[in-house]
Amino acid sequence: IDARTKCPSGVATVETLTSFLNGLLSILTLGIWAPQTVRMTCASGTATLPKGTELVHVAAHATDAQFADMLQQAAVRSAQIDRPVAVQFNDVTSAKE
């Protein structure tokens, strides 16, 4: 999924979902096959993030590979903490200020 074409204002949240059947299949295959659904919410520019949402910054000049890696990290982190993780596109140096 190329989120930059689907969400020109950026991705607001990334959530990972595992159905009961997919979880069962993951257990039966010892984790070799672990399908999940990723739900991304596009940023509107005026959205307020849900309380407890973590933020992942992506540099505006990130390569496709870096962008894909950051989305993957956000999805994994969302699954780990069982909360939404927001992805923000900006200059990484300004995000640290």
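Q: Which residues form the nonpolar patch on the surface?
A: In this predicted model, the patch is made of Phe20, Leu21, Leu24 and Leu28. Together they have about 470 Å² of accessible area.

Q: Where is phenylalanine 20, and is that residue buried or exposed?
A: Phenylalanine 20 sits in helix H2, residues 20-28. Phenylalanine 20 is exposed, because its relative accessibility is 71% and the cut-off for exposed is over 50%.

Q: New topic. How many salt bridges are in the whole structure?
A: A search finds three. One of them joins glutamate 15 and arginine 39, with the closest N and O atoms 3.9 Å apart. Glutamate 15 is in strand S1 and arginine 39 in strand S2, 24 residues apart.

Q: Which residues are linked in a network of salt bridges?
A: Glu54, Arg77 and Arg83. Glutamate 54 meets arginine 77 at 2.8 Å, N to O. Glutamate 54 also meets arginine 83, at 3.8 Å.

Q: What parts does the pair of glutamate 54 and arginine 83 tie together?
A: Glutamate 54 lies in strand S3 and arginine 83 in the loop between H3 and strand S4, so the pair ties together parts 29 residues apart in sequence.

Q: How about threonine 53: buried or exposed?
A: Threonine 53 is buried, at 17% relative accessible area. This residue is in the loop between strand S2 and strand S3.

Q: What is threonine 53 in contact with?
A: Leaving aside neighbours within four places in sequence, threonine 53 contacts Pro84, Val85 and Ala86.

Note on methods: Residues are numbered from 1 along each chain as its sequence is written. This is a predicted model: local features need pLDDT of at least 70, side-chain atom pairs count only at pLDDT 80 or more; totals for chains, interfaces and linings use all residues. Side-chain values use heavy atoms; hydrogens and water are left out. Patches are made of residues with over 30% relative accessible area and no salt bridge: like charges are joined within 9 Å, nonpolar side chains (Val, Leu, Ile, Met, Phe, Trp, Tyr) within 5 Å. Accessible areas come from the Shrake-Rupley method with a 1.4 Å probe; for residues, only the protein chains shown count as cover. A salt bridge is a side-chain nitrogen of Lys or Arg within 4 Å of a carboxyl oxygen of Asp or Glu. Helices (H or I, at least four residues) and strands (E, at least two) are DSSP runs, numbered from the N terminus. Buried means under 20% relative accessible area, exposed over 50%, partly exposed in between (1.4 Å probe, protein chains only). Contact means heavy atoms within 4.5 Å.
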